[in-house]
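Please look over the sequence and the model before reading on. The paragraphs after them go from the overall fold to single residues.

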Amino acid sequence: MHQKRFLRLSLGWRIVIGLVLGLIVGALTYQNKVAIAILNPIGTIFINLIKMIVLPIVVSCLVVGIAKMGDIKKLGRVGGKTLIYFELMTTVAIALGLVVGNLTKPGDAINIQTLSKVSISQYAATAKTASNHGLSDIIMNIVPTNFFEALGKGDMIPVIFFTVMFGLGIAAIGKRGQILTDFFEAASEVMFKVTNWIMQLAPIGVFALIGVTIAQFGLGALKPLALFLLITYATMIIFVVVVMGLVARLFHLNIFDLLLVIKDELILAFSTASSEAALPKIMEKMPRYGVSQGIASFVIPTGYTFNLDGSAIYQSLAALFLAQAYHIHLSLGQQITLLVVLMITSKGMAGVPGASFVVLLATITTIGVPASGLAFIAGVDRLVDMGRTAVNVVGNSLAALIIAKSEHEFDEDKQQNYLAEIKAASAQKAN
């Protein structure tokens, strides 16, 4: 009986078990090179499997969604609303981080001389390259010179741009384009089936990813930075419950219903610290939750690049934390400058490995904090990354709902039926 109940455990619970076991094994094998050498490839293979399916899902779903939408004026309106919404939410997230950092002053409680340093050389090289790219370069890179090259590199925005144009082209030729719509619809169904297979490996992937992190850095790195971690997570929770909750309420939505619907994806995003891990399932769930396919297919992948609320909170808090630790007083003007710099820089770094950390490296020097200061918080970056990734996933899911509502492309009957289905499944598992 107990064995049957274990086998009936939802994917979310199996991931949690993988996470806990990973923490235990990581702590027991601290600095053990053999354990790290075994765990590292397992975690990397799982993340690679996820990356393998993300772009095929985005392309197939987006082609179908745009072909069915078929109206360039409507697409322009949806695109404009989406980018304005993303910019407003990201700005509020950065501002909230700055307000909380000023009120709690986590850096004042730290003696920077006693903190242990972690190498940040891998981020430094990326930051140097990335900081040379201004806003004009970001805009120029939206249009791909070679779609297949952009696809190969995993550059989301150029891929989205071409796919949108392709979808509009299919819509423009009418019935003759139906064969292509059917092809991409079948391709998306195939990719969602493959996604479900890969997700069964998620508990193993999570176990390896968290295990190798703890084995490398140890739990000792947490102690001096516990206050910073606590404040960062508290700020993220406030942002989700209060800020996103109020925005959801304005559109007659309930943030807690949304959290229930995407709870497995949140656990996965949190455990892997990868937005990509949750993206395929979120793109599958949002149409089932009432969002039209065209809007879900456009808003969610775009948000993956432009709407990183969790990262924005972390960046502003971490910048203030380091300034306080170095006893650098920032005037209101300097903090407003920091907000503007973060708004621009964060958009330019999307898709860069360790993006949040790279943004910080490119930003903190503008407020007088030495770049070497980031070496003190590098040890806990992975643990913060878990929280900010989960917030990013909530933000993008909510964005899809809100844009669909604003366009009157939200099916409330579908929403209620899917919610009832999920609540019934949860109640059944509990019994």
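What follows describes the fold, the core, the charged pairs and the surface of this model.

This is a predicted model, in which local features need pLDDT of at least 70, side-chain atom pairs count only at pLDDT 80 or more, and totals for chains, interfaces and linings use all residues. Residues are numbered from 1 along each chain as its sequence is written, and side-chain values use heavy atoms, with hydrogens and water left out.

The secondary structure consists of 20 helices and zero strands. Helices (H or I, at least four residues) and strands (E, at least two) are DSSP runs, numbered from the N terminus. Of the 431 residues in the protein, 53% are buried. Here buried means under 20% relative accessible area, exposed means over 50%, and partly exposed lies in between, with a 1.4 Å probe and protein chains only. The accessible surface comes to about 19,700 Å², and carbon and sulfur atoms account for 66% of that surface. Accessible areas come from the Shrake-Rupley method with a 1.4 Å probe; for residues, only the protein chains shown count as cover. Among contacts between residues at least 6 apart in sequence, 86% join residues at least 24 apart; a contact means heavy atoms within 4.5 Å.

The interior comes next. In soluble globular proteins, nonpolar side chains tend to be buried together. The largest nonpolar core in this model has 126 residues, and those with the most contacts inside it are Y85, F239, M244, M286, V291, I377 and L398. Helix 3 (residues 33-69) gives the most to this core, with 16 residues. Apart from it lies another core of five residues, including I36, L39, V212 and A215. A nonpolar core is a set of buried Ala, Val, Leu, Ile, Met, Phe, Trp, Tyr and Cys residues joined through side-chain atoms within 4.5 Å. Beyond its neighbours within four places in sequence, L398 is in contact with Y85, M244, A248, L253, I255 and L258.

D309 lies in helix 16 (residues 309-325) and counts as buried because its relative accessibility is 1%. Not counting residues up to four places away in sequence, D309 touches M89, T90, A93, F239, M244, V391, N392 and G395.

Which charged pairs does the model contain? Side chains of opposite charge can pair when their charged atoms come close. The structure holds ten salt bridges, each defined as a side-chain nitrogen of Lys or Arg within 4 Å of a carboxyl oxygen of Asp or Glu. K74 forms one of these with E409, and their closest N and O atoms are 1.9 Å apart. K74 lies in helix 4 (residues 72-104) and E409 in the loop between helix 19 and helix 20, so the pair ties together parts that are 335 residues apart in sequence. Both K74 and E409 are buried.

K281 and E284 meet in a salt bridge at 3.1 Å, N to O. Both lie in helix 14 (residues 275-288), three residues apart, about one turn of the helix. K281 is buried, with a relative accessible area of 15%, and E284 counts as buried at 16% relative accessibility. A further salt bridge joins E421 to R288, with the closest N and O atoms 3.8 Å apart. This pair links distant parts of the chain, with E421 in helix 20 and R288 in helix 14, 133 residues apart. E421 counts as partly exposed at 47% relative accessibility, and R288 counts as partly exposed at 38%.

Salt bridges that share partners join R77, K81 and E407 into one network. E407 lies in the loop between helix 19 (378-406) and helix 20 (412-430), and is buried because its relative accessibility is 9%. The side chain of E407 makes a polar contact with the side chain of K81 at 2.7 Å. A polar contact is a pair of N or O atoms within 3.5 Å; within protein, one must be able to donate a hydrogen and the other to accept it, and residues adjacent in sequence count only if both atoms are side-chain atoms. The C-alpha atoms of E407 and K81 are separated by 9.7 Å, although these residues are 326 residues apart along the chain. Leaving aside neighbours within four places in sequence, the contacts of E407 are K74, R77, V78, K81 and I295.

Last comes the surface. I237, I238, V241, V242, L246 and F256 form a nonpolar patch there, with about 550 Å² of accessible area together. Patches are made of residues with over 30% relative accessible area and no salt bridge: like charges are joined within 9 Å, nonpolar side chains (Val, Leu, Ile, Met, Phe, Trp, Tyr) within 5 Å. Helix 11 (residues 226-250) gives the most to the patch, with five residues. L246 is found in helix 11 and counts as exposed at 57% relative accessibility.
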